[in-house]
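Could you walk me through this protein's fold, one piece at a time?

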Amino acid sequence: MRLFPVHRFRLSLSLPTRRRIAMSTTIPVDSSVKATSERAAELKEALEEIRSRVEAAAAKTTAPRKAPPTLVAVSKYKPASDVLACYEVDQRDFGENYVQELVDKAAQLPSDIRWHFIGTLQSNKAKILASIPNLYAVQTVSTVKGATALHKALPADRPTPLNVLLQVNTSGEDAKSGVAPLTAGSPPAALASTADIDASELVQLAKHILAECPRLHLQGLMTIGSLAESLAAAEKPNEDFARLVGTRDALEAALERAGFRREDGRWGEGGRLLLSMGMSSDFEAALAAGSDIVRVGTGIFGARPKKEEVKGR
């Protein structure tokens, strides 16, 4: 049985970025969770290619960024052995869409993995999610009810607050979750009035987290965006990404007006709310627009099986 390092994150009140500083120990990992050498080589090659593209795209943007972008490898419907193969070539951030799949994989894999939950957040699943010790972030908070449920479910002895990102429905599609953005029009050039912004659902949700949920850390905003904008990314700027950038700027200003100053370190990282936008088909356009976190699945792991096929296994 192999031993992998574990990191127990330590809370730092003054510098949120120090949460990744760790004290090393080891835990056993089931040796049967192992990809074939051919699959491991395939994943390594794909991951290296995506990393190179992320680095190149990030270097081209003029958007302010205080740290290199984070690549979240989305392992939805993929076996734990695939995750471990990527882990063994230094990938640490992984994303999952389904609570039970995340629970199962977290139990089998090294506990210094930083798990990001990127699926629909259901309040009745908050307790299960909160029980995962190395859950690093929930990127899909969109209601006061969901935020409160997460906060209440987190153990009192958790060493650091749980990072949360607020999901914004930048495309306005009924099929997508998320709160409305704070920008108006197409292209998204105009902001709503200051009074409308301060009264908006997004600002009220952010203020609730800051005032009532000390076990949560408001890290940033997340969007999925429309397929049409994604497909047109090579031809024109992505309006959904521009809306999220404008919404982030407007939200930061609203929080400062409400007395939540950026220098106090109660939200964001390094005085800025992070942006999670961009997936396999459009992450380079997202990075050009200023994304801090990109979520790449098929570009690393290959095509996913259909949900019905997974259930039938």
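This is a predicted model: local features need pLDDT of at least 70, side-chain atom pairs count only at pLDDT 80 or more; totals for chains, interfaces and linings use all residues.

Of the 313 residues in the protein, 52% are buried.

Let's begin with helix 1, which runs over residues 37–60. With 24 residues at 1.5 Å a residue, helix 1 should span 34 Å, and its end C-alpha atoms are 35 Å apart, so the two values agree. Which of its residues are buried? They are R39, L43, A46, L47, I50, V54, A57 and A58.

The axes of helix 1 and helix 2 come within 9 Å and cross at roughly 60°. Helix 1 is therefore oblique to helix 2, and it passes helix 2 in a right-handed crossing. On the helix 1 side, the contact is made by R39, A40, L43 and L47, and on the helix 2 side by D82, A85 and C86. By class, these residues divide into five nonpolar, no polar and two charged.

Now turn to the second pair, helix 5 (residues 144–153) and helix 7 (residues 201–212). Their axes lie 10 Å apart and pack at an angle of about 20°. This angle is under 35 degrees, and the two helices are therefore roughly parallel to each other. Helix 5 passes helix 7 in a right-handed crossing. Helix 5 brings V144, A147, T148 and H151 to the contact, while helix 7 brings L205, H208, I209 and E212. The contact has four nonpolar, three polar and one charged residues.

Helix 7 can be checked for length too. Its twelve residues should span 16 Å at 1.5 Å a residue, and its end C-alpha atoms are 16 Å apart, which agrees. The buried residues of helix 7 are L202, V203, L205, A206, H208, I209 and L210. Among the elements that cover them are helix 5, helix 6 (194–199) and helix 9 (239–257). Strands take part as well, including strand 6 (135–141), strand 7 (162–167) and strand 10 (216–222).

Finally, let's visit two loops. S75 sits in the loop between strand 3 and helix 2. Is S75 buried or exposed? S75 has a relative accessible area of 0%, so it is buried. Leaving aside residues up to four places away in sequence, S75 touches V83, F94, G95, E96, E101, K105, W115 and F301.

D292 belongs to the loop between helix 10 and strand 12. With a relative accessible area of 12%, D292 is buried. D292 and L71 are 221 residues apart in sequence, yet their C-alpha atoms are 8.7 Å apart in space. Again leaving aside residues up to four places away in sequence, D292 touches R65, P69, T70, R248, L273, L274 and L275.

Terms used. Residues are numbered from 1 along each chain as its sequence is written. Side-chain values use heavy atoms; hydrogens and water are left out. Axes are lines fitted to C-alpha atoms, for helices over the stretch in contact, and angles run from 0 to 180 degrees between N-to-C directions. Helices (H or I, at least four residues) and strands (E, at least two) are DSSP runs, numbered from the N terminus. Angles under 35 degrees count as roughly parallel, over 145 as roughly antiparallel, 65 to 115 as roughly perpendicular and the rest as oblique. A crossing is left-handed if the near helix is turned anticlockwise from the far one by less than a right angle, and right-handed if clockwise. Contact means heavy atoms within 4.5 Å. Ala, Val, Leu, Ile, Met, Phe, Trp, Tyr, Cys and Pro count as nonpolar, Asp, Glu, Lys and Arg as charged, and the others, Gly among them, as polar. The expected span of a helix is 1.5 Å times one less than its number of residues. Buried means under 20% relative accessible area, exposed over 50%, partly exposed in between (1.4 Å probe, protein chains only).
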